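Thanks for coming. I will take a few minutes to walk through one structure for those who have not seen it before.

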Amino acid sequence: MPNITMQKVADIAGVSIKTVSRVINKESGVNKETRKRILAIVEELDYQPNLAARGLAAARSFLIALLYENPSDSYITSLQDGALTSCREHDYGLLIHPCKHHDTNFCDSVKSMVRQSRVDGLILTPPLCDHEELLDMLDERGLKYVRISPLEENDRSPVVYADEFSAAYRMTEYLVSQGHTRIGFVTGHPNRSGTERRLKGYRQALKDAELQLDPSIIIQGQYTFESGETAARKLLRAKNRPTAIFASNDYMAAGVMKVAHQLKIRVPYELSIAGYDDSPLAHHIWPRLTTIDHPVRLVARQAASLLVKHLNGEPAVFDPDSIHSELVIRESTGPLVD
């Protein structure tokens with residue numbers, strides 16, 4: 001049928017055009033039977049909403065922005081994929097906006113993007129989710145946002161996160177169960193929530209195993225391959241070197257593995273190496289990397305879904321039990337060999 005309009009759907013359903021708009025935009029405030037009847041008519045007529053008209057009618061753009069700053073390509077790809085999946089489910093568009101929060105014009109560039117694109121809301125990833133000036137600017141403009149893994153939870157916005165403390169705890173606990181008592185740790189970029197939580201999980205696991213914490217084998221990294229190499233040279237050239245090294249992401253773990261190979265240290269027979277994230281790299285290096293499956297796609301997907309609820313005035317409450325990180329054991333780790 002040509003020229004099917006929202007008004008036509010409303011007339012057939014015997015409801016107002018506003019009610020049809022609410023159903024199409026997946027908003028609350030419509031009872032179950034009415035919603036079911038409208039959706040059946042939409043399907044029967046093959047009604048395709050005009051996105052521009054939809055936005056004008058609702059005074060919204062049905063577009064959300066994902067802001068990120070991260071050196072890991074696999075992390076960024078997973079973020080985008082997860083957020084985009086949710087946006088498609090809710091008939092929203094997704095705008096990808098890479099940022100550099102140290103730039104002097106950082107907030108101005110975000111403000112310009114918001115003004116030009118007319119996004120309805122934003123997803124903020126670390127470390128942008130903790131940028132006070134940015135948050136203040138968004139609050140002043142009345143823009144809604146969801147933060148992924150902020151350093152501190154508060155009532156500024158809904159938050160979504162994976163339990164990185166427990167995941168790092170389980171990895172350290174596993175290495176201890178393999179007989180390792182001297183476990184080096186390569187931290188991530190400072191001032192990132194995940195960095196601190198993973199370090200705390202490592203520390204707590206050692207404490208619960210009644211193992212002495214040695215600060216000299218905790219090395220600062222940057223979540224890059226090169227920083228993993230640098231950390232490995234410090235750890236593996238020490239007189240009393242660790243028998244296992246747990247790096248805060250897979251890229252740094254790969255850097256550790258490269259140095260181990262250069263020094264003729266056999267993995268995992270003389271050194272166990274573990275990472276975090278379960279990036280594609282973990283599958284491609286040899287030995288394949290024992291790591292934590294960090295559910296970035298699921299985190300981003302839930303962040304986008306939560307933001308849509310927030311925009312629709314619905315309760316946007318995150319359930320921490322809905323996201324789990326899994327320990328993935330591969331060939332890069334093994335029992336301590338005397």
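This is a predicted model: local features need pLDDT of at least 70, side-chain atom pairs count only at pLDDT 80 or more; totals for chains, interfaces and linings use all residues.

Let us start with charged pairs. Side chains of opposite charge can pair when their charged atoms come close. How many salt bridges does a search of the whole structure find? The number is 13. I will describe three of them.

One joins R301 and E89, with 2.2 Å between N and O. These two residues sit in distant parts of the chain, 212 residues apart: R301 belongs to helix 13, residues 296-311, and E89 to helix 5, residues 73-89.

Next, R156 and E132 form a salt bridge, and their closest N and O atoms are 2.9 Å apart. R156 lies in the loop between strand 4 (144-148) and strand 5 (159-160), while E132 is in helix 7 (residues 132-140), so this pair ties together parts 24 residues apart in sequence. R156 is partly exposed at 25% relative accessible area, and E132 is partly exposed at 47%.

Which of the two is buried, and which is partly exposed? E229 has a relative accessible area of 9%, which is under the 20% cut-off, so E229 is buried. K258, at 36%, is partly exposed. Elsewhere, shared partners join E132, D136, D139 and R156 into one network of salt bridges.

Now the interior. In soluble globular proteins, nonpolar side chains tend to be buried together. The largest nonpolar core in this model has 41 residues, and V186, Y202, L236, F246 and I273 have the most contacts inside it. Several elements supply at least two residues each, among them helix 8 (164-177), strand 6 (183-186), helix 9 (193-208) and strand 9 (272-274). Which element gives the largest share? That is helix 11, with seven residues. There is also a second, separate core of 29 residues, which includes F62, L79, L311 and I323.

Two residues are worth a look. Y202, leaving aside neighbours within four places in sequence, is in contact with residues including A168, Y169, F185 and I218. I245 is in strand 8, residues 244-247. With 0% relative accessibility, I245 counts as buried. Beyond its neighbours within four places, the contacts of I245 include V186, L236, V256 and I273.

Last, back to helix 5. How far apart are its end C-alpha atoms? They are 25 Å apart, which agrees with the 24 Å that its 17 residues should span at 1.5 Å a residue. The buried residues in helix 5 include S74, I76, L79, A83 and C87. Just after helix 5, D91 takes a positive phi of about 60°.

Technical notes
Residues are numbered from 1 along each chain as its sequence is written. Side-chain values use heavy atoms; hydrogens and water are left out. A salt bridge is a side-chain nitrogen of Lys or Arg within 4 Å of a carboxyl oxygen of Asp or Glu. Helices (H or I, at least four residues) and strands (E, at least two) are DSSP runs, numbered from the N terminus. Buried means under 20% relative accessible area, exposed over 50%, partly exposed in between (1.4 Å probe, protein chains only). Contact means heavy atoms within 4.5 Å. A nonpolar core is a set of buried Ala, Val, Leu, Ile, Met, Phe, Trp, Tyr and Cys residues joined through side-chain atoms within 4.5 Å. The expected span of a helix is 1.5 Å times one less than its number of residues.
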